[in-house]
Amino acid sequence: MTSVLYDAPGPGAKRRNVLYTVGFVVLLGLGCWWALAVMADKGQLDWALWEPFTQAQAWTTYLLPGLGNTLKAAALAMVIALPLGALLGIARLSDHRWVRGPAGVVVEFFRAIPVLLLMLFANQFYSVSTDLSSDVRPLYAVVTGLVLYNASVLAEVVRAGILSLPKGQTEAAKAIGLRKGQTMTSILLPQSVTAMLPALVSQLVVIVKDTALGGALLAFPELLNARGTLAANYANVIPSFIVVALVFIVLNLILTSFASWLERRLRRAKRSSGAVLHAEQAGAEEPVAEPGVTTKEGP
Amino acid sequence: MFDFLEGYDLLGAFWVTVKLTVFSGIGSLVLGTLLAAMRVSPVPLMRGFATVYVNVVRNIPLTVIIVFASLGLADVFGVTLGAADDFDEQAFRLAVLGLGGYTAAFVCEAVRSGINTVPVGQAEAARAIGLSFTQVLRFVVLPQAFRSVIGPLTNVLIALTKNTTVASAIGVTEAALLMKEMIENEAQLVLISAVFALGFVILTLPTGLFLGWLGKRMAVKR
Amino acid sequence: MNLRKVTAASAAVLALSLTATACGSEDKDGDAGSSSGDKKITVGIKYDQPGLGLKTPDGSFTGFDVDVATYVAKELGYAEGDIVFKETKSADRETALERGDVDFIAATYSITDERKEKVDFAGPYLLAHQDLLIRADDNVAKGEDLNGKKLCSVTGSTSAQNVKTKFAPDAQLKQVGTYSECLNALQSGAVDALTTDDSILAGYASQDQYKGKFKLAGLELSNENYGIGVKKGDTEMLNKINAALEKMVSDKAWDEAVKANFGPANYENEPAPQIGNIVK
């Protein structure tokens, strides 16, 4: 692959590249060797610590229920946050200042606050003011925190999605006599939804990752928390971390691949008049780009 | 009305939040730029490494990374960052390491997208006058790229400020941990939460506004 | 047309994931397995403390607390299949009783004056002491020796605070989520001692993976009288449980449970306490 940043390597450059490669391999190798040596020294490579993961019970008793809770919280948060976010996003586009203003304040406020603070607040609020059982309280608290935060992020996605549509769409709708509400529900929203889909799926990755906060600080029995119970039985702290991290990586890679597949698909379809939104353009703060994309041939 | 603040070091906790943000911000900027340079470099192995790093780190929850830094890196690998005998300091440094390593992946993506916005002609012209890859990056592409990534980097920095709360998972006494302690012991739940929310609004809003203004000012006019 | 398909596909995926999670939530109550009895009793225990209350890989529960709870429940007239175990973390115990989420709690629940204001205690059924777990080749003679040493405990536990205020103000304290993470740090030398009740420590020390690596320091830093928590004011239940505990001691089931659960740990337990005799 040639890049615009450098010429196709000549003999000198090729030699230099080989040199760099060798140096880098040595560095990486040293790092890996050190990590493995320490793990071997501390007995972390003992098969007894890894063996549980080859047996069904470790998964069915600990990890899968944890993963189920992770997915449940993420799905609930997305399903509740989406309509709320759409409402806020549309409200921010309103012609009336008294609608636009408060919606803007709400969105900016919740985007400025760490999601953990929202979860802590919700947890304490439910424990003081409601008689939710302690089984479901962490789930409610995690979902509430995620919804408050992500509704405001999704509001921006929706707003950007609608704004990305050509002006002619609104004008044509007006010309045939549609009212503002009709324009929004039957012309703008349907078109922008397809443009927003990849950004929505990408946001799901952020939500999945944030559920782990509930496990660490609110005792929500999701995957990271289930790792603790598992390690109490098998005494395998390091292996269990590696396995749990792998599960998260695979899960999120599936989601990101799905998002980029959607995006490519929508780009090719070209039926929608608007652009396809990327999480970054929509103002999500942790943009998730397509996996494995290398530098484009030219900017 | 604010007597519930008595006995709690609110400013101290937010100061830790600021320190976490600044130290891990600098760390992630350096590491992230390095990774971005690797991702566009002529050495395939470095490109591959940077790509794998970004895609792996970005898909792991920050909480997992931070907790692993404490239970794995420090407890098993003995990486105590020069603070083996002081657990508070050790937790802080590990949190900076975790936050920096995590945020670097996002910085890398922002810088890379900035490199892509520099017109082909710039790099071609630079190479035409005989600059090497590192010179092209240092003198022509990166200075322009950084101007256009101020916006995305601002978003990363704001996200980082908020992400510092995750450090409470390993007992760093920053804002979120103090809030957890306070709402469990005091009755004024809404008031306390409002104070902490306001604290973060104060930290993130001016940063966003200032860097947004700077980004517009510095943007390369084309 | 394609676009509509894509949208429909995503909707289908969403619907699928929702039904999947719906199924997931149903089997939550199935922990105790299905049984024929029509009335059930719910007991709060710990899930992550070997020797006392542990959820094992096959989904069943073992430990001294579990054995005591099972014995008591049987005395109360419930068959083994009608006992539903539920996890009650330390911080949730009072609330769980007040709200009636559980009928009684046997979860390393020390009787204290503060807790007695909120719940009633049957028992005590075990007298434990705060102690230290140290590496087998290490020695700590008294609490004061901990000054300058590195101590590990779980977040929110009072034992670590107890050591710092009473014995060793200069001890370094690492707080983690679960005790097994402390053991990990203890094993690799990142901390010097792990502190909590000796009964809990013994359970960990006797786990297969850790056998022979750790020992109890043998310090009696405090007295912990484990009681069975019941809802405040439920005297009928309280008396029945006390009677059951007395019977458990007199028909030697108590000794057997101690032997089965603490035996492998070489834990020198105190003799069975008298009901109502709280050692300060």
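What percentage of the 222 residues of chain B count as buried? The points below take up this question and related features of the structure, which is a predicted model.

1. Burial and extent. Of the 222 residues of chain B, 50% count as buried. Along the principal axes, the C-alpha atoms of chain B fill a box of roughly 70 × 45 × 25 Å.

2. Secondary structure. Chain B contains eight helices and zero strands; read from the N terminus, its elements run α-α-α-α-α-α-α-α. Among contacts in chain B with a separation of 6 or more, 74% join residues 24 or more positions apart.

3. Interface with chain A. Contacts link 60 residues of chain B with 53 residues of chain A. On the chain B side, at least two residues each come from several helices, including helix 2 (44–58), helix 4 (87–117) and helix 8 (189–218). Helix 6 of chain B provides the largest share, nine residues.

4. Nonpolar core. The largest nonpolar core has 225 residues, and A95(B) and L194(C) have the most contacts inside it. Its largest share, 17 residues, is supplied by helix 4 of chain B. In chain C, domain 1 (36–127 + 225–265) and domain 2 (129–216) both give residues to this core, so the core lies between these domains.

5. Surroundings of A95(B). Leaving aside residues up to four places away in sequence, A95(B) touches L20(B), I66(B), A167(B), I170(B) and V172(B).

Note on methods: Residues are numbered from 1 along each chain as its sequence is written. Chains are lettered from A and ligands numbered from 1 in the order in which they are written. This is a predicted model: local features need pLDDT of at least 70, side-chain atom pairs count only at pLDDT 80 or more; totals for chains, interfaces and linings use all residues. Two residues are in contact if their C-beta atoms, placed from the backbone, lie within 7 Å. Helices (H or I, at least four residues) and strands (E, at least two) are DSSP runs, numbered from the N terminus. A nonpolar core is a set of buried Ala, Val, Leu, Ile, Met, Phe, Trp, Tyr and Cys residues joined through C-beta atoms within 7 Å. A residue is buried if 20 or more other C-beta atoms lie within 10 Å of its own, exposed if 12 or fewer, and partly exposed in between; C-beta atoms are placed from the backbone. Domain bounds come from an automatic or database domain assignment.
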